Amino acid sequence: MAAVALCCRGPRRTGWLPTLQIIRHAKAVTRHWKAMHFERQKLMAVTEYVAPKPAVPEKCITPYIEAAKEENGYAKLLHWQVVETFRDSRMIAMCQHNFTPSEEMLLMKHRLRKYNIHVKFFPNEIVRPYLSVSKYKNLLPLFVGFNLMLVSPEIKVKEMLRILKNVPQITLLGACIDDTILSKQGVINYSKLPSMEITQGQVVGTLSLLASQMCALVQHSSVHLTGLLDQYIKQQSGGAGETDGKAGEAQAELGPAKSSAGL
């Protein structure tokens, strides 16, 4: 027995592992989810924390920043043309454009081009932002609907009205002439004014008349005095001549009388 015990207590092999290993598994879950009692659900819903709302809404505190939209190239080109048109034109007429046949529109453009008047089409989305920040902001009420502009570096109001009279589809709304805004009736009254040369001649004639009247008024006293002195001298010389004539007649009468007395 002792030998058997010694044999059993002999040294084991290094690195030896049993062929069978016992693995301990986890305990099975015996608790499953159970719905909360409805009374407790009511109590939890009533006692739920509700955060207080701020006195001022958050959207009022935080400013709304709109993303800037970059303008495309065609819109930039139209904006540049609008600026150039208002800068280089002395006469800008705004018209309401109704339906017009293409043949009549081409004929009108041809007639206007003879007097150096050009027809411009610009969308209101381009014109209105420019007018709102320029000195022509009073023209904004005229740009409603589909408009066209008649522009010219010279003032050709009579010719423009004469051509528009033959095109009833184009209605004149107003104009800006030499940085002066005129209504339709104002444009008509402006066309009835004389030309610049005639007006300048009238102004020169009026100024010359005033100058001549002033000179005549200043020289009136001296001329009147000179006339009075000349008249006085004539009267004096005339009186002396009459006295000499009377003395000669008296001597002629006395001469024959003396001769008859001597005889």
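**Chat: core, sheet and turns**

Q: What does Met160 touch, leaving out residues up to four places away in sequence?
A: Met160 touches Met91, Ala93, Leu112, Ile117, Leu150 and Val187. This is a predicted model.

Q: OK, and the largest nonpolar core: how many residues?
A: The largest nonpolar core has 20 residues. Met160 is among those with the most contacts inside it, along with Cys95, Met108, Leu112, Leu150, Leu164 and Ile170.

Q: Which elements each supply at least two residues of this core?
A: Two helices do: H5 (102-114) and H7 (157-164). So do strands E1 (91-97), E3 (147-152) and E4 (170-177).

Q: What about a second core? How many residues there?
A: The second core is separate and has 18 residues. Leu139, Leu140, Val151 and Cys176 are included.

Q: Switching to the sheet. What's the strand order?
A: The order is E2-E3-E1-E4-E5. The 5 strands make an open sheet with antiparallel pairing.

Q: Which strands are at the edges?
A: Strand E2 (118-120) and strand E5 (180-183). Each pairs on one side only.

Q: How much are neighbouring strands turned against each other?
A: By 25° on average, with direction ignored.

Q: How many bridges join E1 to E4?
A: There are 7, and the two strands run antiparallel. Ile92 has Cys176 in E4 as its bridge partner.

Q: Which helices pack on the sheet, and what do they touch?
A: H5 packs on it and touches E1, E2, E3 and E4. The direction of H5 makes about 130° with that of E2. Helix H8 (residues 184-191) packs there too, touching E4 and E5. Its direction makes about 105° with that of E5.

Q: Back to E4 and E5. How many bridges there?
A: E4 and E5 pair over 4 bridges, in the antiparallel sense. In E5, Ile181 is the bridge partner of Cys176. The two strands form a hairpin with 2 residues between them.

Q: What's the phi of Asp178 in that turn?
A: Asp178 has a positive phi of about 55°. Most residues other than glycine have a negative phi. Asp179, in the loop between E4 and E5, also has a positive phi, near 60°.

Q: Is Asp179 buried or exposed, and why?
A: Asp179 counts as exposed because its relative accessibility is 52%, and the cut-off for exposed is over 50%.

Q: And Asn116: where is it?
A: Asn116 is in the loop between H5 and E2. Its phi is positive, about 60°, although Asn116 is not a glycine. At 29% relative accessibility, Asn116 counts as partly exposed.

Methods:
Residues are numbered from 1 along each chain as its sequence is written. This is a predicted model: local features need pLDDT of at least 70, side-chain atom pairs count only at pLDDT 80 or more; totals for chains, interfaces and linings use all residues. Side-chain values use heavy atoms; hydrogens and water are left out. A nonpolar core is a set of buried Ala, Val, Leu, Ile, Met, Phe, Trp, Tyr and Cys residues joined through side-chain atoms within 4.5 Å. Buried means under 20% relative accessible area, exposed over 50%, partly exposed in between (1.4 Å probe, protein chains only). Contact means heavy atoms within 4.5 Å. Two strands pair if DSSP finds at least two bridges between them. Axes are lines fitted to C-alpha atoms, for helices over the stretch in contact, and angles run from 0 to 180 degrees between N-to-C directions.
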